[in-house]
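Here is a short briefing to read alongside the model. Have the sequence and the 3D view open, and take the topics in turn.

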Amino acid sequence: MPFLLLLEAICIFLFSKVPTTLPLQEVHVSRETIGKISAASKMMSCSAAVDLLFLLDGSHSVGKGSFERSKHFANMVCDSLDISLERVRVGAFQFGSAPHLEFPLDSSSTRQEVKAQIKRMVFKGGRTETGLALKYLLQKGFPGGRNASVPQILIIVTDGKSQGHVALPAKQLKDKGITVFAVGVRFPRWEELHAMASEPREQHVLLAEQAEDATNGLLSTLSSSAICTTASPDCRVEAHPCEHKTLETVRELTGYALCWRGSRRTDALLAARCPFYSWKRVFLTHPTTCYRTTCPGPCDSQPCQNGGTCVPEGPDQYHCLCPQAFGGEANCAPKLSLECRIDVLFLLDSSAGTTLEGFLRAKAFVKRFVQAVLNEDSRARVGVAGYSRELVVAVPVGEYQDVPDLLRSLDGVPFSGGPTLTGSALRQAADHGFGSAIRTGQDRPRRVLVLLTESHSEDEVAGPARHARGRELLLLGVGSEAVQAELEEITGSPKHVMVYADPRDLFNHIPELQGKLCSRPRPGCRAQSLDLVFMLDASASVGPENFAHLQSFIRSCALRFDVNPDVTQVGLVVYGSQVQTAFGLDTHLTRAAVLRAMSQAPYLGGMGSAGTALLHIYDKVMTIQKGARPGVPKAVVVLTGGKGAEDAAVPAQKLRNNGISVLVVGVGPVLREPLRRLAGPRDSLIHVAAYTNLQYHQDTLIEWICGEAKRPVNLCKPSPCMNEGTCVLRNGSYRCECQDSWEGPHCENRVLRGDAPKAHGSHHRPAGGQQPYSSQLPQRGPGH
């Protein structure tokens, strides 16, 4: 056998050992993402006016099989083109030893006609004269085209093994404004493809052997110039690491063997050591970047619960393979219900910090929650809002009662990106998120704001959260572990926060959220009469920042009470360089007024004396003259950093002896012994490690206050009698025995005539919840 024929046979044998299905371009992504890339290529379309010309390599080095794969790729691209003489025109050349026009750009006006002409193309063979074909296009232009009045795109499909130079004619085509895609086939020579392709090269070099991936890459590149678009606005072009592989012949030295050589001087044969080589085909890899479009898939949100497996069915549909115990319900979830009367507004973080993936996960959570808990008998009404820079109410509360309509409206909630302004969104949602109708009392359902976020707010949240809670909204938070502390600050309690470590665990919180929505939190002592005074340490040992934490804490506590003259009265005393009544028990008659006044309480600085402040409360706050009500339970809550409490035990006991309960909240590394003496024999002491942890002890404090509000009341403690009158208990009521020159139910009226009686008495019933006794007293001016 001649040597050349032998070498050809060896090469054919070696090539036959290379699997043709081995990926020569490999995108390093998950199997799920590869599926999304394939699906996205079917969701993209190109409708702009453009001339697109295929230049298919039909040479022997490509072979008939790879030529057919080139035609398959061209047909897949055509599936995404809006082909007409006015919009996208398509033509095709085949080249081998010479270029051959298969059909010009203006020969077909429909997609079906173009695909039929591509299918009829016949493999011709010949040399690989790519350069010659490019020069032909330079001279003749695009046959049937629109003379560069529209964008021109040239798609070269070749193995890159030209028998002439290609770089210069390709450059000249690109200089004329033609966009060139170089698409490899068979075992491509990537260097030549890069030399022909437009910039950026990694977006214009593809592999036709993987037709769906190549189609996606081509359409993704064209989408940047608005030639092509995706069906869904949530689809995105993303960069992925990938590598190109080239099949090369490598010669390796395997050893030496004896060989015989002749001699010029003699006819003898000489033995010598000759090198022995082996030849093999190997793949060389070239790392690069591949740009592909991916669209959200139906299984992205992990919709199947309780171990179910999600199976996608196209771009929008899926079904769940459920464990046997959960096979009867959608998404393998047990059926829940919302039987309480409630208005719920879901507030979805649509900022760049949460990312598109996190936003879609939150939206899927709301959809699954609605599917799980709403039915025709539900008394719940649901709304959805998104936010980044501004709040956008996409689904007003109660607008959709039909679950399918509600789900369709959720699909239209867009991702906006932008900054994460959670504080601003909370304030806007509290003011406008539940509509403008004003309903009060029993007519208004409970209102709940459910915040879903995975990113930290870029603005302040404490104030807007207090504002929302002040409007009687229950705040619930759902998010990642990274934002747990912020969610607890917003909601006011760790019990109102649901966090997940793994995004897939988010959907396991649906039953927990349903439970929190329909279980009302302990409302404090809303129906119990109470005179309550908070005493805040405003000394230098606390500092202005920590004093602000104390203010925030008592505001949260005040939200748990019905503030009005018939139920709960609230007063505030601050102490530091001096003792000051911020406001008395009867100063503010509504909860909103109390909350505003608490925010305006002054920080005093200086050295503080808790004992002096307690005596101030005894003499000037918890008195009938200053609005305290006879027969109503009374409590003082002392919040202190611990310093200045050494002189407070005796004044605290004096208050207790007068029927006033005292609780001490010590914050930080407090002086324990003085505080324990201050807390008294019933050990009414709550120790908090840090000012930022006060919120976690709110329930404990409210529980103590409510317990004290239910204790038996001595009508004469503190004494309701003024001007040194004596309180006398009798048969469940009391009377005041007045001194000379005083008379009236509480000895409040001076006697002007000289024959005044020595003592006057009046009988009174307990006030508990009825018209307060202070209304019977003389009118007092602002200075009292």
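Strand 23 (residues 634-640) and strand 24 (residues 660-667) run parallel and are joined by seven bridges. Helices (H or I, at least four residues) and strands (E, at least two) are DSSP runs, numbered from the N terminus. Please keep in mind that this is a predicted model, in which local features need pLDDT of at least 70, side-chain atom pairs count only at pLDDT 80 or more, and totals for chains, interfaces and linings use all residues. Residues are numbered from 1 along each chain as its sequence is written, and side-chain values use heavy atoms, with hydrogens and water left out.

**The sheet around strands 23 and 24**

- Within the pair, Leu639 stands opposite Val665 in strand 24.
- Helix 19 (residues 672-679) packs on the sheet and touches strand 23, strand 24 and strand 25; contact here means heavy atoms within 4.5 Å.
- The direction of helix 19 makes about 160° with that of strand 24; axes are lines fitted to C-alpha atoms, for helices over the stretch in contact, and angles run from 0 to 180 degrees between N-to-C directions.
- What is the order of the strands in this open sheet of six? The order is 22-21-20-23-24-25, and the pairing is mixed; two strands pair if DSSP finds at least two bridges between them.
- Strand 22 (579-583) and strand 25 (685-688) are the edge strands, each pairing on one side only.
- From one strand to the next, the twist averages 20°.

**Leu701 in helix 20**

- Leu701 lies in helix 20 (residues 698-709).
- With 0% relative accessibility, Leu701 counts as buried; buried means under 20% relative accessible area, exposed over 50%, and partly exposed in between (1.4 Å probe, protein chains only).
- Apart from neighbours within four places in sequence, Leu701 is in contact with Phe553, Cys557, Val637, Leu663 and Ile686.

- Six strands form an open sheet in the order 16-15-14-17-18-19, with mixed pairing.
- Its edge strands, each pairing on one side only, are strand 16 (391-395) and strand 19 (497-500).
- On average, neighbouring strands of this sheet are turned by 20° against each other, direction ignored.
- Strand 14 and strand 17 run parallel and are joined by seven bridges; the bridge partner of Phe346 in strand 17 is Val450.
- Strand 17 and strand 18 also run parallel, joined by six bridges, and Leu452 has Val478 as its bridge partner in strand 18.
- Strand 18 (residues 474-480) pairs with strand 19 in the parallel sense over four bridges, where Val478 stands opposite Met498.

- Why is strand 17 described as largely enclosed by the rest of the structure? Eight of its eight residues are buried, so strand 17 is largely enclosed.
- In a regular strand the side chains alternate between the two faces of the sheet.
- In strand 17, Arg446, Val448, Val450 and Leu452 point one way, Arg447, Leu449, Leu451 and Thr453 point the other way, and all are buried.
- Helix 9 lies across strand 14 (342-349), strand 15 (380-387) and strand 17 (446-453), running at about 160° to strand 14.
- Helix 9 (residues 355-373) has 19 residues and reaches 27 Å from its first C-alpha to its last, close to the 27 Å expected at 1.5 Å a residue; the expected span is 1.5 Å times one less than the number of residues.
- Because 15 of its 19 residues are buried, helix 9 is largely enclosed by the rest of the structure.

- The axes of helix 2 (residues 31-41) and helix 8 (residues 211-223) come within 8 Å and cross at roughly 65°.
- The contact is made by Ile37, Ser38, Ala40 and Ser41 of helix 2 and Glu212, Asp213, Thr215, Asn216 and Leu219 of helix 8.
- Thr221 is also found in helix 8, and at 7% relative accessibility Thr221 counts as buried.
- Beyond neighbours within four places in sequence, Thr221 is in contact with Phe181, Gln203 and His204.

**The chain as a whole, and confidence**

- The secondary structure comes to 20 helices and 29 strands, and 50% of the 784 residues count as buried.
- The mean pLDDT of the chain is 83, with 86% of residues at 70 or more; pLDDT is the predictor's confidence in each residue, from 0 to 100.
- Over residues 1-21 pLDDT stays under 50, as it does over residues 437-442.
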